[in-house]
Structure formats: C-alpha cells, structure tokens
Amino acid sequence: MRLSVAALILFLANAGAFAPPPSARRPLSSSRFVLSEDVDVLTLDAIGGMSFRELQHACRENGLSPEGTTGALRARIRQVICPVDPFTGEEDCPVPEETPDELMKGIEFVDESDQDFDFKELLSEVMEKSSVGHWKAATRKLKKLKRRFPTHKVPEVAYVSTLQACSADRLHGARASEPARKIMEELIDEGYEIPADLGNYCIQNCLGFGQNGTHDGCGGIDTALAMLAAMESSPRSASLLTVDTYGKLAVAMAKNGEIDDSMTLLRSMVVDKSFTPTLEIFAEVAHAIPLSEAEKVLNVLAYAKAAGYKLDNIASTKDGQTILASGVIAAEKLDNLALGLRLLAAASKASGCAPDRGDVLVASHSSAAQRAATILHKRALNGAVNEGQWKLAVRLLDTMMQRSLTPSPWVWRNVVTCCAKAEKSRKATSLLLDWVKLAESGKMEKPSVSVFNTVINACEICDEQELTLGVLEAMKKTHNTEGNLITFNIALKRLAKLGNPIGCEGIIIGMLQNGVEPSVVSYTTTIAACAASEPKNPALAYEWLKRMRSRRVMPNVITYNTALASCLDGKMESTALGSKIATEMMEDVSRQVVEGTVKEDELILPDEYSKGLARKLMKQLRENWRNGDIDMQVAKATVRVPLLKLVDFQKSEAVQALKKRAEEVQAVKQKAEDEADATIQNEVELEYSATEIARRAAEV
C-alpha cells in the first residue's frame, strides 16, 4: 500500500490515540543492559550503558570471547539474549507492547526526493561543526547521518574530523571521552584506520586522577581500555601505539589500586612489546604499590633492569631516586637487609647527582625512605655487634653518618661496647669522643656514665693510661661527676693490678661516704689486691670476706677463688686460713643447694679452678708438715679435710638441678633481652674480665 506524504501525516496524527498513557511508559533509565543481581542470567533491559569491562565480564560469564570493540561485545551479548532461529533466521526476542510503529507495518513510504542530496548536506554540516570545534553538535549530526542513511558509507574524513573536534583541549576535560571512544570503534568497524597521534592522544587524555582514573567523573580506565582495544584490533593501528600510552594506562591502574593489572601491562610492555618505558613510569607504579604488597616493588625493579636500566646509574634522576627509595622501603618491610643496603650502595655509585651523593638523596627522598634506611642500618649494625664484628659495626656507623642518617644513642652505645669488648681501646675512645662532640653541638644526647666506664675499662685492660685519663676528663666535663659504682670499680682494678690493698680500702671507704654501696665486684677486686701484694696478705683478704658479708653482699665463686689464691704464700698460717675459707665456701654451697638460689652473680658451685687451688693448698700443707710447722697426723685430720671436700666435690643430683635451673633462667633471660640489655651484659662481662685478670695476675 502506498500513501502520500499528507496522508501519512494525517495517519500518524490519528495514531497518537493508540499511544499508551505517560504513566504506562517505561522510564528511560530502563533502556540498559544490566547484570541481574538476583539471578545468574542477563535480562533484556538496554545495551547502551554498560562499560567496556562490564561487557567483557558479561562475555566471559557466558563463555564468549572478551576481545574486540564495544559494538562487537554488545552484539555477542545480544545473541545470547536473542538467539537466532536456525529455521527462520530471525531473532527470538521478548515481544514489546505494540506501539504506533507496529501499526505502520505494511505501509511503504516513498520519498521521491534526492537522498544523496540530503546525505551530502548533512555530511557537510558534520564537517562544518567539526571545523569550528563544536564537538557536541558534530557528534550528534554524525550519529544522525549514520542512522538516517544506513546504506551509505560515511567517509573516513567525517569520522576523523569529528574525532579531532572531540580531542581538542584534552578531550574537553575528558567530557568528550565517550563520544571519542565510539568514533574510534566505528572507524575500526568501517574498516578505516585510527590516526596514530590522534588515537594515542585520546587514550592518554581520557585518564585523570579521580576514582577509576576519571576526570570529574568523565573518561576513566574503562574508556581508555576500550579505546586501546579498538586500536589493537587493527594490526596497523596496534603497531602505532606508543610506550607513553601504555605507560600512562599502567600508572592509572596502579594508582587506582589495580596493582596486578598494572604489573601485567608493565610486563607486557617490557617483555612482549620490547618497549623501554621511561623511569617516570616505573617510579609512579612502584610508588603506588602499598606496603602490604611490598614484594611487587621488587618486580618493578626487575622490569626496570630488563628494560635496560642500571641501578648503579639511575640515582642521578629524580625518578630513579623514587624507584630506589621504593625498593629500600620494600626491603625494610620484607626484612631483606642485603637488598636494602645493596640499593643504597648502588645509589652511591651514580655520577652527576646534586646537591649530594645518590645514596643521600635516596635515603632522604621521603620520611618513609629515611625511616626504612635507618632501620636497615640499625638491624645490620646490631647483627654485626652480636657477632662481635667490630670493624663492620664501625663501618656501618660511619656509613649512617655519611648518608645523613642519625644513629640513636643506643646504636652508638652498641658500637662503642663492641669495640671495648674486642679490646680496641683506641677505636672505642675515638667513637666516644666523637659522640661527645655531637652532644656538645646539640645533635645527640650525652653518652651516659656507663658508656664512659665501659671505655675506661677497655683502656685499663689494654694498659692505655693516657687514654684512661682522657676519657675520665671527658666524663667529668660532660657530666660534672667523678663517676659511679663502675667508675670506682675501675679505679679499684687499677690498684689491684698494682697490689695496693690499702689504696683499695681507701676507695671503698670513699664509696661508702658518698653513698655508693660497693658490689661483689668491688669486694672481689679488693681481695685480688691482697692476693697481688708483695707479700700476699691472706689475713686481710679473709677480713674483706667478713666485711662484705656484714654489708649483706654475698661472695660468689670468683670471690672465694681469689681469696684462696691469696693464701698461696707457703706459710702454715696461710694454709690454715685457706682451709677455713674452703670450709665457709662449702657451707655456702650447701645453703645454696637447700635454698635453691639461682642468681648468676651469687653462684658458689666450685669449678675446676677452685679444685686446682685446693690441690695447691694441700701441696703447700704437705711442705708445711715436712718443715715441721705442723704434725702430719694433725694436719690430715684437721686442715686437709675441708680442702679434700673441695677437691672431691661431686655435683650431686641436687647440685645438678640447681645448675640446670640457673642455666634455664639465664637462657630465658638471654632470649628475652633486647639490644640494650645485651649491651649492658657486655659491659658487665668487661667489668668481671678485668677482675679475673687481676686475680690471675695475683696467683702468678
């Protein structure tokens, strides 16, 4: 049936009566395809609004290929919803309600005008709007041209000119991102090529810094991926994609928290496409990785090396410093000391760094990098101290200072104590005086009196008298004090080496007058002075044993051994006094076994050295009865009995249990103590070591 134009207009006017009321019409928002939240199948509700990745997800869920342009993805989904009847070749879709368009079935309208004229006219309008930059009008007219003339092939220049209008001013603040994406896909669908500079420009500028890579809610990662897929679907266009385009997309995904996708794209750039991304791309991806995924920073470093960059050279640029700083932070998080220090060492080798060395710039790149670098050096330094590697500890401390990292007072104390324990008195003194200078300039806290005592101890052990005086003078200047208990003990040790018990007694009296209570080390050192004097003075040594007990300071095995050593002067009176001391020692051992005392500094269990001293005293007793100083039978029945008990002392089950318990307590203590406790323990060991030296010197 044929109708004239006038008859058709009249017919359409009357057909308005058949239109459903406004309330019965479906809202425009229903014209989208959505994924049903309640069921696992798609519902037919409108295709146009699904994003590129939503379309890809829907294809994967329905076993379809996720490759291709947006239009191709939508066509595949539509085939799922509206399958084609194999017999009729028609789509089997839900039948909508009848509309006025249905009433026009069978009516053929014959337009006798020149369609080519209208096509050309509308095409010229598209070109005109594009030329003046009216991107909205140009895209609307291009869309109208395709819809109105479906049988006409739109020339490539129309798409390109409209795309150029959309791309101006960075896609007009990304507002023209979606129209640009559609035009790029239509270019590929029509068999045209997307201009390389235009395609790369559109992909890069549709990305912003908002959520999902949007800019004021426009554009974003999904749009950029759709554009990228459109260009990659054409072999020629795909080869024209630049490294900056891929890099900006990788950075946007990393900043949006899509680390795995970003790393996949970065790897593809380096491995599959043989690109060499700029250091800025690696730096921004590495910087965006959260600490919870620190191991992925190491992958970025590996990709940078695979791309041709050398870690020893990149610290001369700001982006290279960012990469290395991210690596240092990750190494600290992963407790990888070797890697962290290796990265800083690599930065130090870079030439052309300004205004400081490369490692200094990396370590001070950010507060997080500075903290990580400080912790790495501290852990490495503590490991060196625990292993007694004083040279490595000193080198690490120097490196920290060179890299503008401030060591804490505990770090300084650890290194000083390590050098002192290794009997490197000159190095320990040098470090201490450097510490004092820093404290005077206000850059560090003052070293404590105990640190001065540790160095004085080392100087005394190494017999460095001048160094001792210098450290004492520095302590007096720093703290305005003569010292504390340990300082007095050091003075006692010096006098003990000289065999001057009278001088030791004066120091003990001075300590009591100044309110400083002597310790077991103080009394043991004084007894050592009695053993080292010429001649030996066992009576005074025994008197000091009684004095220390009166002050409620119990002697330990070292104290008893020192007192026994003072009796080895060949005299019968000394032998008898040694027998008395052995008796008291065994009584204290029995008391300890009964009470279960486990304090390490109070253990009195005789050791091999104690038994050796007892044998020497018995030999001395034998010489005494041979010289007629005592009857042999009397000597064997009285004086020798305690010495024999000491020699024949066997660690019974009770004693073994006491020893085991003491060892267990010490093991728990060692496991729980931190680096500060370890340093203090080293200082105590130094204190006892000097006493042991004085006692052995006395024996000789």
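Start with Cys-459. In this predicted model, its sulfur sits 7.1 Å from the closest cysteine sulfur, the one in Cys-462. That is too far for a bond. A disulfide is a covalent bond between the sulfur atoms of two cysteines. To count as one here, the two sulfurs must lie within 2.5 Å. A search of the whole structure turns up zero disulfides. Cys-459 is also buried, with a relative accessible area of 0%. Cys-567 is another buried cysteine, at 0% relative accessibility.

Now step back to the whole chain. The protein chain has 700 residues, and 46% of them count as buried. It contains 35 helices and two strands. Take the contacts in the chain with a separation of 6 or more: residues 24 or more positions apart account for 65% of them.

Where do the nonpolar residues gather? In soluble globular proteins, nonpolar side chains tend to be buried together. Here the largest nonpolar core holds 135 residues. Within this core, Leu-249 and Phe-282 touch the most other members. Helix α10, residues 221-232, gives the most to the core, with nine residues.

Which residues does Leu-249 contact, leaving aside its neighbours within four places in sequence? They are Leu-207, Ile-221, Ala-224, Leu-225, Leu-228 and Leu-265. Several of these names fall within the span of α10, residues 221-232, among them Ile-221, Ala-224, Leu-225 and Leu-228. An α-helix has 3.6 residues a turn, so residues three or four places apart point the same way.

Next come the aromatic rings. The whole structure has six aromatic pairs. One of them joins Phe-119 and Phe-149. This pair is edge-to-face, with 5.4 Å centre to centre and 85° between the planes. Phe-119 lies in helix α5 (residues 115-131), while Phe-149 lies in the loop between α6 (135-148) and α7 (156-173), so the pair ties together parts that are 30 residues apart in sequence. Phe-119 is buried at 9% relative accessibility. Phe-149 is buried too, at 4%.

A second pair is built from tyrosines. The ring centres of Tyr-159 and Tyr-192 are 6.1 Å apart and their planes meet at 55°, so this pair is tilted. Tyr-159 is in helix α7, and Tyr-192 is in the loop between α8 (177-189) and α9 (196-205). The pair links distant parts of the chain, 33 residues apart. Is Tyr-159 buried or exposed? Tyr-159 counts as buried, at 0% relative accessibility. Tyr-192 is buried as well, with a relative accessible area of 14%.

Thr-417 is found in helix α21, residues 409-421. Thr-417 is buried, with a relative accessible area of 2%. What does its side chain reach? The side chain of Thr-417 comes to the backbone oxygen of Arg-413, at 2.7 Å.

The loop between α27 (520-532) and α28 (538-550) holds Pro-535. The peptide bond from Glu-534 to Pro-535 is cis, with omega near -5°. Further along, Arg-547 lies over the face of Trp-544, at 4.4 Å from the ring centre. Then comes Arg-552, in the loop between α28 and α29. Its phi is near 60°, a positive value in a residue other than glycine. Arg-552 is exposed, with a relative accessible area of 77%.

Helix α29 itself spans residues 557-565. Asn-556 caps its N-terminal end. A side-chain oxygen of Asn-556 lies 3.1 Å from the backbone nitrogen of Ile-558. How many of the nine residues of α29 are buried? Eight are, and the helix is mostly covered. The buried residues of α29 include Val-557, Tyr-560, Asn-561 and Leu-564.

Finish with Ser-274. Ser-274 lies in the loop between α13 (259-272) and α14 (279-288). Its phi is near 55°, again positive in a residue other than glycine. Ser-274 is exposed, at 60% relative accessible area.

Notes. Residues numbered from 1 in each chain as written. Predicted model: local features only at pLDDT ≥ 70, side-chain atom pairs only at ≥ 80, totals over all residues. Heavy atoms only, no water. Core = buried A, V, L, I, M, F, W, Y, C linked by side-chain atoms within 4.5 Å. Buried < 20%, exposed > 50% of the residue type's maximum accessible area, 1.4 Å probe, protein only. Helix = DSSP H or I, 4+ residues; strand = E, 2+ residues; numbered from the N terminus. Contact = heavy atoms within 4.5 Å. Polar contact = N/O pair within 3.5 Å; in protein donor to acceptor, adjacent residues only side chain to side chain. Phe/Tyr/Trp six-rings, centres within 6.5 Å; stacked < 30°, edge-to-face > 60°. Lys NZ or Arg CZ within 6 Å of the ring centre and 35° of its normal.
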